[in-house]
Amino acid sequence: MEAAAASSVGAGVGPQPRPPLGFGHSQLRSPICSCLRTPWPASRLLCGGEGGARPRGAIAAASGDQRRQQQLGELEAEAEAGSVLGPSRSSPREVREEMARCFDLVRRLGRGAVYLGSSRVPPTHPHFLQTTELAREIARLLDCTTWTGAGPGLMDAAIQGALEADKPIGGLKIAKEAGEWTSSGFHPYLPSETYLTCRFFSARKHGLVDAAVRSSTADRTAVIALPGGIGTLDELFEIMALVQLERIGSTLPVPFLLLNYDSYYSKLLDFLNDCQDWGTVAPGEVAALWKVCDGNYEALEYLAEFYDVPAAKRNYQISPPLKQHRTSYATS
């Protein structure tokens with residue numbers, strides 16, 4: 001409460017914000033402070049300190065000053081009682097319950113390869129076909145469950161690959177996806193017991209991370225970052241930060257692959273190199289967090305080496321690498 005209120009001290013300076021949703025103007029009794037408790041007593045806000053003289057520029061009318069002190073006191077008392085903020089929020093409990101359902105799904109289906117990627121890539125684009133091949137071969141190579149956000153685009157491509165490999169599939173879907181299947185919480189063809197539609201992004205993210213974390217040496221997992229937009233970049237950098245801070249892979253390392261199809265991420269990598277030049281990223285720090293792969297063969301060989309897969313079992317059925325011309329997903 002004290003920390004959260006620190007930002008509200010200056011709420012009386014400048015234009016007043018609109019009342020939060022669920023609050024009427026009549027509930028905001030004082031225009032000079034927010035409804036959160038201030039970090040200092042009202043006497044210190046409106047006077048020169050406890051027992052001190054009134055500073056120059058303070059409110060001249062004593063009656064107005066006293067009224068504001070009274071209003072601040074009322075607001076502090078209401079904030080303490082929780083009456084201004086209304087009934088206690090149910091979302092923390094709901095998030096915990098949804099996380100528990102995500103963890104239970106991971107426990108039932110098994111950990112494996114987690115795919116992050118754009119929901120906007122059409123099935124006709126070369127990256128869709130490459131992702132399908134990659135997911136199929138990784139599922140066979142690691143004999144693991146394929147995990148995605150259970151959405152369209154490259155997430156669907158990974159699901160198609162797992163189906164071709166006849167390996168388990170798990171999905172943690174979000175009700176609103178930046179793609180086609182936005183109006184329904186149901187997947188068009190996956191069995192309902194293989195996926196969960198999440199209401200909260202935090203629960204979904206925790207579930208996908210849990211699907212990638214290795215609890216024993218028998219677990220063969222990976223995080224595969226495919227080309228994507230804002231949502232993919234959000235997940236990508238969050239995974240990178242968790243690996244950097246050893247929240248993932250502290251005991252058993254987890255391979256993290258960035259698929260740089262047709263140099264899709266090259267400018268991002270240039271930017272991260274610039275960060276190193278500026279000193280905001282340590283030399284070699286980013287390269288130590290993931291493996292950048294230009295194609296499927298490089299990715300498969302990296303995983304095979306990581307998990308000591310015998311050469312006799314590295315029978316990849318992938319198309320020859322072809323350098324594609326840059327093709328927009330929107331025009332494919």
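1. Which way do Ala222, Val223, Ile224 and Ala225 point from S5, and are they buried or exposed? Ala222 and Ile224 point one way, while Val223 and Ala225 point the other way. All of these residues are buried. The model is a predicted one, and this applies to every point below.

2. The sheet is open and has seven strands, in the order S4-S3-S2-S1-S5-S6-S7, with parallel pairing. Its edges are S4 and S7 (291-293), each of which pairs on one side only. From one strand to the next, the twist averages 20°.

3. Helix H7 (residues 201-212) packs on this sheet. The helix touches S1 (112-116), S2 (145-148), S3, S4 and S5 (222-225). The direction of H7 makes about 160° with that of S3.

4. S1 and S5 are parallel and share four bridges, with Tyr115 standing opposite Ile224 of S5. S5 pairs with S6 in the parallel sense over three bridges, and here Ala225 stands opposite Leu258 of S6. Strand S6 (residues 256-259) in turn pairs with S7, again parallel and over three bridges. In that pairing Leu258 stands opposite Val292 of S7.

5. The largest nonpolar core has 37 residues. Which of them touch the most other members? They are Leu236, Ile239, Phe256 and Trp290. Leaving out residues up to four places away in sequence, Ile239 touches Leu116, Val209, Val223, Ile248 and Phe256. Val223 is one of the buried S5 residues from point 1. Another core, of 28 residues, lies apart from the largest one and includes Ala135, Leu154, Ala157 and Leu259. As a general matter, nonpolar side chains in soluble globular proteins tend to be buried together.

6. How many disulfides does the structure hold? The number is zero. The case to look at is Cys102, whose closest cysteine sulfur is that of Cys198, 3.7 Å away and therefore too far for a bond. The cut-off for a disulfide is 2.5 Å between the sulfur atoms. Cys198 is likewise in no disulfide, its nearest cysteine sulfur being that of Cys102. Both cysteines are buried: Cys102 has 0% relative accessibility and Cys198 has 1%.

7. His187 sits in the loop between strand S3 (169-174) and strand S4 (195-198).

8. Asn296 belongs to helix H10 (residues 296-306). With a relative accessible area of 7%, Asn296 is buried. Which residues are in contact with Asn296, leaving aside its neighbours within four places in sequence? They are Gln130, Glu133, Leu134, Leu259, Tyr261 and Ile318. Gln130 is 166 residues from Asn296 in sequence, yet the C-alpha atoms of the two are 7.3 Å apart.

Terms used: Residues are numbered from 1 along each chain as its sequence is written. This is a predicted model: local features need pLDDT of at least 70, side-chain atom pairs count only at pLDDT 80 or more; totals for chains, interfaces and linings use all residues. Side-chain values use heavy atoms; hydrogens and water are left out. A nonpolar core is a set of buried Ala, Val, Leu, Ile, Met, Phe, Trp, Tyr and Cys residues joined through side-chain atoms within 4.5 Å. Buried means under 20% relative accessible area, exposed over 50%, partly exposed in between (1.4 Å probe, protein chains only). Contact means heavy atoms within 4.5 Å. Helices (H or I, at least four residues) and strands (E, at least two) are DSSP runs, numbered from the N terminus. Two strands pair if DSSP finds at least two bridges between them. Axes are lines fitted to C-alpha atoms, for helices over the stretch in contact, and angles run from 0 to 180 degrees between N-to-C directions.
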